[in-house]
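Please keep the sequence and the 3D view open while reading.

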Amino acid sequence: MDLFEKSFVIPTEHSANVFGSFDSNIKMIERNLKVSLISRNDNMKIVGPKPMVEAAIKVLDDLEELSKRGNSITEQNVSYAISLAMEDLQKSIVELDKDIICHTVDGKPVKPKTLGQEEYVNYIRNKMIVFGIGPAGTGKTYLAMAMAIMAFKHEEVSRIILTRPAIEAGEKLGFLPGDLQSKVDPYLRPLYDALYQIMGADAFLKNMEKGLIEVAPLAYMRGRTLDNAFIILDEAQNTTPAQMKMFLTRIGFGSKAVITGDLTQKDLPKDTKSGLEIAWKVLENIDDIGFSYLTSKDVVRHPLVQRIVKAYEDYENKATKKKKG
């Protein structure tokens with residue numbers, strides 16, 4: 001294939017941010033798009049096959065615009081910009097950057113970072129019940145938490161209820177000392193962590209004391225009707241079909257529910273069906289219920305986590321094909 005060459009200019013004040021530490025971002029673009037980037041001050045020459053050169057320019061354009069908007073460019077930004085450019089999608093990471101849900105107590109903006117996350121957030125805005133299904137690191141719980149806190153602050157709901165099934169992840173914890181709350185707290189710790197980060201410890205504790213925020217095991221939901229609440233059921237892959245039905249039938253007027261889970265990480269006893277899996281089959285075609293399917297492309301943790309998730313996805317897909325064959 002003939003080599004194509006194009007020049008690109010990055011303003012000096014943004015070059016360090018776009019290039020990355022020791023030019024790490026530039027090296028990632030070169031490695032993934034099979035192009036050479038030669039930099040002389042503000043000027044950059046991009047050499048390679050024409051489609052790849054054009055993709056590299058799109059990535060650099062997006063990164064420069066992110067930098068102009070005050071963002072510190074991360075490895076995840078670069079990786080996802082490359083992914084979008086390689087798929088020749090018209091959407092850019094700059095458009096995602098405009099959708100700020102809220103800010104953490106440290107002033108850090110909370111926003112969707114991938115197209116899958118953006119779809120998930122829009123489902124939460126527009127549907128009464130949303131299922132967020134996908135692997136670890138895709139922001140399922142964190143984004144739902146941010147949306148719940150904003151709904152609470154804007155008085156769209158009068159309380160937040162966070163729950164997850166208290167099931168051991170392959171470890172027996174029954175011997176631990178303490179009362180029931182201290183035994184279930186380890187299961188709920190990820191929910192507390194997200195609340196502290198977005199709402200702040202003081203505001204969280206005050207609202208919890210008033211009963212406006214409740215963090216409890218799923219078993220505590222039985223027999224209740226949950227009106228005017230934003231309810232998040234986390235780790236839903238560990239519910240039984242009966243538990244899932246019980247939870248879904250608790251939802252009352254003025255409420256919104258988000259159910260998150262990863263079907264590849266079930267801790268249920270062998271041969272026990274997951275309530276999340278059954279709900280997916282039963283409810284997928286009901287209006288006002290949204291299903292958002294996140295993948296390894298939506299992982300926003302360290303890029304190595306993305307590669308681990310993708311490797312497991314490939315392995316499990318091969319195993320499924322073998323069984324069918």
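The model shown is predicted. The protein chain contains 12 helices and 11 strands. Two groups of strands are described here: an open sheet of three strands with antiparallel pairing, and an open sheet of six strands with parallel pairing. Strands of a sheet pair through backbone hydrogen bonds, and the pairing may be either parallel or antiparallel.

**The chain as a whole**

- Taken along the principal axes, the C-alpha atoms of the protein chain fill a box of roughly 70 × 55 × 45 Å.
- The chain has 325 residues, and buried residues make up 46% of them.
- Of the contacts between residues at least 6 apart in sequence, 69% join residues at least 24 apart.

**The antiparallel sheet**

- The three strands of this open sheet follow the order β1-β3-β2.
- Strands β1 (3–9) and β2 (36–40) stand at the edges with a single partner strand each, so one side of each has no neighbour in the sheet.
- From one strand to the next, the twist averages 20°.
- Helix α3 (residues 50–68) packs on the sheet and touches β1, β2 and β3. The direction of helix α3 makes about 145° with that of β3.
- Strand β3 is largely enclosed by the rest of the structure, because five of its seven residues are buried.

**Pairing within the antiparallel sheet**

- Strands β1 and β3 run antiparallel and are joined by seven bridges. In this part of the sheet, Ser7 stands opposite Lys45 in β3.
- Strand β2 pairs with strand β3 (residues 43–49) in the antiparallel sense over five bridges.
- Two residue pairs can be located in the 3D view: Ser36 has Val47 in β3 as its bridge partner, and Leu37 stands opposite Ile46 in β3.
- Strands β2 and β3 form a hairpin with two residues between them. In the turn, Asn41 has a positive phi of about 55°.

**The parallel sheet**

- The six strands of this open sheet are arranged in the order β8-β7-β9-β10-β6-β11.
- Strands β8 and β11 (289–293) stand at the edges, each with a single partner strand, so one side of each is left without a neighbour in the sheet.
- With direction ignored, neighbouring strands of this sheet are turned by 15° against each other on average.
- Strand β7 (residues 159–164) runs parallel to β8, and five bridges join the two. Thr163 has Ala216 in β8 as its bridge partner.

**Helices lying across the parallel sheet**

- Helix α7 (residues 140–153) lies across β6 (129–133), β7, β9 and β10 (256–261). Helix α7 runs at about 170° to β9.
- Helix α10 (residues 241–248) also lies across β6, β7, β9 and β10. Helix α10 runs at about 160° to β10.

**A loop residue: Thr225**

- Where is Thr225 placed? Thr225 belongs to the loop between β8 (213–217) and β9 (229–233).
- Thr225 counts as exposed because its relative accessibility is 55%, and the cut-off for exposed is over 50%.
- Leaving aside residues up to four places away in sequence, Thr225 touches Arg159, Arg250 and Gly252.
- Thr225 and Phe253 are 28 residues apart along the chain, and their C-alpha atoms are separated by 9.1 Å.

Notes
Residues numbered from 1 in each chain as written. Predicted model: local features only at pLDDT ≥ 70, side-chain atom pairs only at ≥ 80, totals over all residues. Heavy atoms only, no water. Helix = DSSP H or I, 4+ residues; strand = E, 2+ residues; numbered from the N terminus. Buried < 20%, exposed > 50% of the residue type's maximum accessible area, 1.4 Å probe, protein only. Contact = heavy atoms within 4.5 Å. Pairing = 2+ DSSP bridges. Axes fitted to C-alpha atoms, helices over the stretch in contact; angles between N-to-C directions.
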